[in-house]
Amino acid sequence: MSLTKLFTLVFLRKEDEILLGFKKRGFGMNKWNGFGGKVEPNETIVEAAVRELSEESTMSVKPSDLINIAHLEFTFHDEPVLMDVRVFATNTFEGTPKETEEMTPKWFNIKELPFSNMWPDDELWFPYMLEGKKFVGKFHYKGFDTILHHTIEEQESMEAFYANRK
Ligand SMILES: COc1nc(N)nc2c1ncn2[C@H]1C[C@H](O)[C@@H](COP(=O)(O)OP(=O)(O)OP(=O)(O)O)O1
């Protein structure tokens with residue numbers, strides 16, 4: 001039996017570039033990733049996505065401009081926790097990314113992504129995101145460097161996935 005914890009993960013796109021942040025502290029420290037974190041009890045998932053993006057990069061998005069592109073699940077060998085991560089993307093946003101206490105943001109060309117300094121799962125599912133696909137990915141880790149097994153399934157729509165999920 002696992003304890004499920006809900007997280008958000010947001011990616012901003014600008015033509016051939018994607019905004020990543022270098023995590024300065026906490027879980028995923030010293031890795032590039034999108035912007036996100038835990039969903040607090042008093043907010044919706046989309047509200048959490050907007051808040052975490054702003055706190056970590058100073059960038060602003062409207063909730064209605066965030067597109068839910070993926071559902072990711074992370075489990076860890078010998079750890080009774082399931083991380084349920086809702087992934088959003090948009091090319092509609094305001095601001096200029098600025099360093100915060102948690103992240104150093106930087107635009108990357110999508111052909112020059114720093115996979116060697118990202119979570120190992122990213123290299124497996126980023127191609128789906130960059131091709132504009134919707135998908136569900138499940139990754140089981142041993143420690144934080146080794147993926148023991150994984151699945152990635154393309155979806156017609158994320159709404160249908162969540163509606164039909166048991
Ligand atoms: C395990 O593999 C992961 N891969 C990827 N790509 N992203 C991951 C993985 N595990 C977690 N994440 C994402 C999900 C969230 O966006 C962050 C983690 O959020 P964090 O623990 O930093 O949550 P906060 O609420 O910001 O936490 P603090 O306020 O306590 O810093 O990473």
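## Burial and overall shape

Of the 166 residues of the protein chain, 28% count as buried. A residue is buried if 20 or more other C-beta atoms lie within 10 Å of its own, exposed if 12 or fewer, and partly exposed in between, with C-beta atoms placed from the backbone. This is a predicted model: local features need pLDDT of at least 70, side-chain atom pairs count only at pLDDT 80 or more, and totals for chains, interfaces and linings use all residues. Residues are numbered from 1 along each chain as its sequence is written.

The radius of gyration of the protein chain is 15 Å. Along the principal axes, the C-alpha atoms fill a box of roughly 40 × 35 × 35 Å.

## Secondary structure and contacts

The protein chain has three helices and eight strands. From the N terminus on, the order is β-β-β-α-β-β-β-α-β-β-α. Helices (H or I, at least four residues) and strands (E, at least two) are DSSP runs, numbered from the N terminus.

Among contacts between residues at least 6 apart in sequence, 62% join residues at least 24 apart. Two residues are in contact if their C-beta atoms, placed from the backbone, lie within 7 Å.

## The nonpolar core

The largest nonpolar core has 32 residues. Such a core is a set of buried Ala, Val, Leu, Ile, Met, Phe, Trp, Tyr and Cys residues joined through C-beta atoms within 7 Å. Val10, Phe11, Ala49, Leu53 and Phe88 have the most contacts inside the core. At least two core residues come from each of β1 (3–14), β2 (17–23), α1 (45–57), β4 (67–76), β5 (79–90), α2 (122–130) and β7 (134–142). β1 gives the most, with five residues. In soluble globular proteins, nonpolar side chains tend to be buried together.

Leaving aside neighbours within four places in sequence, Phe11 is in contact with Ile18, Leu19, Gly34, Ala89 and Met129.

## The ligand shell

The ligand is surrounded by 16 residues. The closest are Phe27, Gly36, Gly37, Lys38 and Trp119. A residue is near a molecule or strand if its C-beta atom, placed from the backbone, lies within 6 Å of it.

β1 and β5 each supply at least two residues of the shell. β1 gives the most, with three residues. The shell divides into seven nonpolar, six polar and three charged residues. Here Ala, Val, Leu, Ile, Met, Phe, Trp, Tyr, Cys and Pro count as nonpolar, Asp, Glu, Lys and Arg as charged, and the others, Gly among them, as polar.

## The annotated domain

An unreviewed UniProt entry places the feature "domain: Nudix hydrolase" at residues 2–131. UniProt positions are given in the numbering used here, feature names are shortened, and annotations may be inferred rather than shown by experiment. Over residues 2–131 the chain is 17% helix and 38% strand. The end C-alpha atoms of this stretch are 32 Å apart.

## Met103, a buried strand residue

Met103 lies in strand β6 (residues 103–109). Met103 counts as buried because 25 other C-beta atoms lie within 10 Å. Not counting residues up to four places away in sequence, Met103 touches Gly21, Phe22, Lys23, Lys24, Phe35, Glu56 and Ser57. Asn30 is 73 residues from Met103 in sequence, and 9.5 Å from Met103 in space, C-alpha to C-alpha.

## Exposed sites and positive phi

Glu15 sits in the loop between β1 and β2. Glu15 is not a glycine, yet its phi is positive, at about 45 degrees. With 9 other C-beta atoms within 10 Å, Glu15 is exposed. Thr58, in the loop between α1 and β4, also is not a glycine and has a positive phi, of about 70 degrees. Thr58 has 15 C-beta neighbours inside 10 Å, so Thr58 counts as partly exposed.

Helix α2 holds Glu123. Glu123 is exposed, with 12 other C-beta atoms within 10 Å. His149 belongs to strand β8 (residues 146–155). His149 counts as exposed because 9 C-beta neighbours lie inside 10 Å. His149 and Arg25 are 124 residues apart along the chain, and their C-alpha atoms are separated by 27 Å.

Methods:
Rg over C-alpha atoms; globule rule 2.2 N^0.38 Å.
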